Amino acid sequence: MYEKGFAYLLQGEHEKVIYGVLKYLHVSKRDPDYEDLVVEGQLVFAQAFCMYCESHAIVKEAEIMPYLYQKIKWRLLDILRKNTRLKQRQCSLPDSEAKLWAKEELEFDDVVAHELLDMLVSSCTEKEYKFLYLILYTNLSISETAKLLAVSRKTVYKYKKSILLKFKALYY
């Protein structure tokens, strides 16, 4: 079905467009999904080439290459976003809310840092503590943190500013 597309891909240096997209998306060869993304790029290349041929009588390389680049970029970007969302969902948070907000001893090698953090936690309000806990132990964004705390992003930024001021007061 896509034989023409794969044949065109193998002509000349057309496969470079796939590697160009991967470079643009900052996907390195060390990435575990690199080979899968290359194969997906090849499939999208063949599909997009066939779609282009259906709507155009003459294939001009100067016109088709940007078209193929864009199609590959959009598809690979969708895949990367989907993978990111899946990884974010796999973030392990405690089973209950009580465990999430329970104060527990932190394991730090540096005694000074441990004491400083204890002093900072003791000076925080309950809401500031919850924010501090989320910042220290999760990789949630500001928006996700705000949603979890049931406050606005502006309020989260206020917590952050307040904690930083308290930290500076302890540190200096």
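Predicted model: local features only at pLDDT ≥ 70, side-chain atom pairs only at ≥ 80, totals over all residues.
Reader: Which class describes the aromatic pair of Tyr52 and Tyr67, and which helices hold the two residues?
Author: The ring centres of Tyr52 and Tyr67 are 5.3 Å apart, with 50° between the planes. Planes under 30 degrees apart count as stacked and those over 60 as edge-to-face, so the rest are tilted, and the pair of Tyr52 and Tyr67 is tilted. The pair links distant parts of the chain, 15 residues apart, with Tyr52 in helix 3 (residues 34-55) and Tyr67 in helix 4 (residues 61-89).

Reader: Is Tyr52 buried or exposed, and why?
Author: Buried means under 20% relative accessible area. Because the relative accessible area of Tyr52 is 4%, this residue counts as buried.

Reader: Why does Tyr67 fall into its accessibility class, and which class is that?
Author: The class between the buried limit of 20% and the exposed limit of 50% is called partly exposed. Since Tyr67 has a relative accessibility of 26%, this residue counts as partly exposed.

Reader: Where do Tyr129 and Tyr133 lie, and what is the centre-to-centre distance of their aromatic pair?
Author: Tyr129 and Tyr133 both belong to helix 7 (residues 126-137), where they are four residues apart, or about one turn of the helix. Tyr129 is buried, with a relative accessible area of 10%, and Tyr133 is buried as well, with a value of 11%. Their pair is tilted, with 50° between the planes, and the distance from centre to centre is 6.3 Å.

Reader: How far does helix 3 reach from its first C-alpha to its last, and what span is expected?
Author: Helix 3 has 22 residues, and at 1.5 Å a residue the expected span is 32 Å.

Reader: Where does Leu25 lie, and which residues does Leu25 touch, not counting residues up to four places away in sequence?
Author: Leu25 sits in the loop between helix 2 (16-24) and helix 3, and it is buried, with a relative accessible area of 15%. The C-alpha atoms of Leu25 and Leu80 are separated by 9.0 Å, although the two residues are 55 residues apart along the chain. Not counting residues up to four places away in sequence, Leu25 touches Lys73, Leu76, Leu77 and Leu80.

Reader: How many salt bridges does the structure hold, and which residue forms one with Lys16?
Author: The structure holds four salt bridges. In one of them the closest N and O atoms are 3.1 Å apart, and both residues, Lys16 and Glu13, are exposed. The partner of Lys16 is Glu13.

Reader: Which helices are linked by the salt bridge between Glu128 and Lys166, and what is its N to O distance?
Author: Glu128 is in helix 7 and Lys166 is in helix 9 (residues 153-171), so the pair, 38 residues apart, links distant parts of the chain. Glu128 is buried, with a relative accessible area of 6%, whereas Lys166 counts as partly exposed at 22%. The side chains of the two residues meet with an N to O distance of 2.5 Å.

Terms used. Residues numbered from 1 in each chain as written. Heavy atoms only, no water. Phe/Tyr/Trp six-rings, centres within 6.5 Å; stacked < 30°, edge-to-face > 60°. Buried < 20%, exposed > 50% of the residue type's maximum accessible area, 1.4 Å probe, protein only. Expected span 1.5 Å × (residues − 1). Contact = heavy atoms within 4.5 Å.
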